Amino acid sequence: MQFSRFTNGGYVLHKMRGYWSGSASAWFDRNGAMIEAEQITPAGVSRPIRRGGPMWAELQRIGNRYKHIPTLSYA
């Protein structure tokens, strides 16, 4: 899985794996609320994940683990 933090405090998780086929990406605001998600099928097709559905809930649960990871500073 890949984790990236944005300058506004939000973050994204890519290549999330679970009970679904392929992988998923999910975008979160700075408070850890998921704002968008997509599934990438094994064929490489991207499709949105239904808000409030079981996959949405699972991605939100996984994403909550990352909301307190700080932004790295390379000063």
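Trainee: What makes Arg51 and Glu36 a salt bridge?
Mentor: This is a predicted model, and in it the closest N and O atoms of Arg51 and Glu36 are 3.5 Å apart. The cut-off is within 4 Å, so the pair counts as a salt bridge.

Trainee: Which parts of the chain does that pair link?
Mentor: Arg51 is in the loop between β5 and α1, while Glu36 is in strand β4, and 15 residues separate them.

Trainee: Why is Arg51 called exposed?
Mentor: Its relative accessible area is 52%. Exposed means over 50%, so Arg51 qualifies.

Trainee: And why does Glu36 count as partly exposed?
Mentor: Glu36 has 36% relative accessibility. Buried would need under 20% and exposed over 50%, so Glu36 falls in between.

Trainee: How many salt bridges does the structure hold?
Mentor: There are 2. Glu58 also forms one, with Arg61, where the closest N and O atoms are 2.6 Å apart. Both residues lie in helix α1, 3 residues apart, about one turn of the helix.

Trainee: Why is Glu58 not called buried, but partly exposed?
Mentor: Glu58 has 22% relative accessibility. The limit for buried is under 20%, so Glu58 is partly exposed.

Trainee: What makes β1 and β5 edge strands?
Mentor: The open sheet of 5 strands has the order β1-β2-β3-β4-β5, and β1 and β5 each pair on one side only.

How values were computed. Residues numbered from 1 in each chain as written. Predicted model: local features only at pLDDT ≥ 70, side-chain atom pairs only at ≥ 80, totals over all residues. Heavy atoms only, no water. Pairing = 2+ DSSP bridges. Helix = DSSP H or I, 4+ residues; strand = E, 2+ residues; numbered from the N terminus. Salt bridge = Lys/Arg side-chain N within 4 Å of Asp/Glu carboxyl O. Buried < 20%, exposed > 50% of the residue type's maximum accessible area, 1.4 Å probe, protein only.
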